[in-house]
Structure formats: C-alpha cells, structure tokens
Amino acid sequence: MVVICPKCKTKLKIADEKISRAGSRFKCPKCSTVLLVKKPAPAPEKPVDNIKILVAHSNPSAMHTITTLLNNNGYRTVTATDGIEAMVKSIKELPFLAVIEVSLPKIYGIEVCKRLRLRPETKHIKFILISSPYDKTRYKRDPESLYDADDHIEDHQIAEQLMDSVNALRKKESGIKEPAKETPEEIPAPQQPPAEAGEKYAEPASDDKTERARRLARTIVSDIYLYNTAKAEESIRNNTFMSVFSSELREGLKLYENRISPEVRNRGDFFMEVIHDFIENKKKSV
C-alpha cells in the first residue's frame with residue numbers, strides 16, 4: 001500500500017505483509033518522522049441479488065428465448081451481447097447467476113467465467129455455459145472442462161433444461177427461496193411477416209451477416225477447445241494448434257463455407273481471423 005508522510009508529503013510504498021493486524025510503525029527515509037500504518041478495513045461485501053440473472057449471448061433469438069423463460073419464472077434479467085459487457089455488468093449488477101454463451105465476441109464466455117471467479121466481489125456468482133456444438137454427432141460427450149462454471153447446456157436444450165438447472169443452483173444456496181412465479185407468458189415462435197405476392201422477406205443487414213460468420217467461426221474453435229482442453233492448451237503452448245487440429249479445422253471450414261455465402265466470405269477471411277485471435281488470446285493464459 002502507499003502512504004503519504006504527513007510532514008514531508010513523501011509517498012512511501014509499504015508491502016502489505018509488513019503491516020501487522022494492530023498496525024506497524026515505519027520511519028520516513030526523508031524526514032525521519034515515525035508513522036503508524038494500519039491496513040484499511042476491508043470493504044463490506046455487497047450481497048448478490050437473489051432473483052437477478054445476467055444473460056450474455058450474441059444471438060438475439062437465443063437471448064429472447066432465455067430471458068423470456070427466466071422472466072416468466074419470476075427472475076429479473078440483465079443482458080449483455082459480448083464478453084466485455086458481461087464482465088462490466090456482472091461486477092456492477094452482482095446477479096446471483098450468469099447464463100453465458102461460450103463463444104461470446106470480444107471475450108469468450110469461458111474466459112468471462114474464469115475471470116469473474118477470480119474477483120472477490122463476483123466469486124459467488126453461479127455460472128451456466130451455453131454452447132452451440134457445430135457438430136452434434138462429434139460432441140455428444142460432456143466438455144472436458146467447464147472452467148469453474150456450475151453447469152453446461154447446449155443451445156438446442158435450453159427450453160428443456162434451463163429452468164431445471166437454474167432452480168437446482170438456487171437450491172444449493174441455503175436460505176434462498178424460489179421467486180414468485182408470474183403468469184407465464186407464452187414464448188412466441190420466431191415469426192416472419194406475411195409476404196405479399198411478389199414481396200421478398202427482408203435480408204439480414206450486411207453487418208449482421210458478417211457477425212453471423214464470425215459467430216460460427218467462434219463456435220467452431222470454442223468447441224474444439226472445450227471438448228479437447230488439455231490437448232488444445234498443450235498445442236497452443238507449443239505453437240502447433242493448427243497442425244494438431246488440422247482435421248477438425250478442415251471440417252469446420254467446410255461447414256463454414258457451406259453456411260456462409262460467398263458474398264460474405266469475399267469481404268474477409270473471418271474464419272482464420274477468429275482462429276488466430278483465439279490462439280493469440282489463449283497464449284496469454286496457458
């Protein structure tokens with residue numbers, strides 16, 4: 001900690017371990033004034049909000065489905081569409097639970113979970129990771145690691161499993177009662193306005209198409225990582241991720257090219273951009 005000598009105003013940096021519980025005395029090296037230094041009293045922990053849930057997802061349709069389910073069951077929701085916003089709102093709002101997409105933009109959901117677990121004010125938040133396996137035949141098993149998350153649900157299982165998972169996590173917290181349910185609102189199915197004769201449905205905006213391309217690439221690389229964590233981290237440390245997972249990346253690229261139009265692919269190589277960004281970011285933590 002840093003203290004200021006009251007006589008000569010010199011800033012003194014003192015290691016926390018040198019300060020006893022009752023306070024310790026130090027001599028200012030500039031004016032020889034003796035200072036009694038005490039550790040500041042820890043700030044009281046803010047309680048988490050027992051009916052507030054953060055929902056972080058980049059897909060508007062999935063976001064709508066999750067928030068409607070939670071709101072109908074008496075929970076209040078706070079939303080975020082990328083990893084940075086999820087971090088900021090978790091720290092500010094202190095929800096009791098965060099439902100987070102694995103492949104969030106800016107900071108992946110698995111990293112958001114890991115970072116929030118390390119912070120004293122957010123370490124008690126429960127986490128449910130939402131993944132979108134691009135190859136449901138390959139990834140039928142559970143992920144190798146949930147990165148300290150409490151549960152994991154695949155996106156096609158949200159309607160069936162989300163509330164069971166949320167309620168089970170609440171019951172783990174002693175003294176927390178289930179919120180009063182409101183009259184359920186039927187979750188409307190995605191609707192398209194009726195088309196007049198000769199009228200075409202509106203195409204997604206250009207930015208939306210690009211984001212869809214990036215989201216699919218993030219899903220592919222986060223799946224590879226989530227289901228092969230130890231092998232992926234070793235290959236990232238050895239700079240061999242591209243060769244070790246060449247087969248998975250070829251399959252992912254094939255799917256990407258089938259789903260993403262040539263128009264969008266001609267704007268940039270979003271697939272490789274996302275893969276390289278993922279590897280570079282993981283190098284900082286493995």
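Modeller: A helix axis here is a line fitted to C-alpha atoms over the stretch in contact, and the angle between two axes runs from 0 to 180 degrees between their N-to-C directions. The model is a predicted one. With that in place, take helix 8, which covers residues 246–259, and helix 10, which covers residues 270–283. Their axes lie 11 Å apart, and the two helices pack at an angle of about 140°. Angles over 145 degrees would count as roughly antiparallel, and 65 to 115 as roughly perpendicular; helix 8 and helix 10 are therefore oblique to each other. The crossing of this pair is right-handed. On the side of helix 8, the contact is made by Leu 249, Gly 252, Leu 253 and Tyr 256. Helix 10 contributes Phe 270, Phe 271 and Ile 275 to that contact.

As for the whole, the pair belongs to a protein chain with ten helices and nine strands. The chain has 286 residues, and 44% of them count as buried. Among its contacts with a separation of 6 or more, 63% are between residues 24 or more positions apart. The accessible surface of the chain is about 16,600 Å², and carbon and sulfur atoms account for 50% of that.

For a pairing of another kind, look at strand 3 (residues 24–27) and strand 4 (residues 34–37), which pair in the antiparallel sense over four bridges. These two strands form a hairpin with six residues between them. Lys 27 stands opposite Val 34 of strand 4, and Ser 32, in the turn, has a positive phi of about 70°.

Methods: Residues numbered from 1 in each chain as written. Predicted model: local features only at pLDDT ≥ 70, side-chain atom pairs only at ≥ 80, totals over all residues. Heavy atoms only, no water. Buried < 20%, exposed > 50% of the residue type's maximum accessible area, 1.4 Å probe, protein only. Contact = heavy atoms within 4.5 Å. Areas by Shrake-Rupley, 256 points an atom, 1.4 Å probe, with all protein chains shown as cover. Pairing = 2+ DSSP bridges. Parallel < 35°, antiparallel > 145°, perpendicular 65-115°, else oblique. Left-handed = near helix turned anticlockwise from the far one by under 90°.
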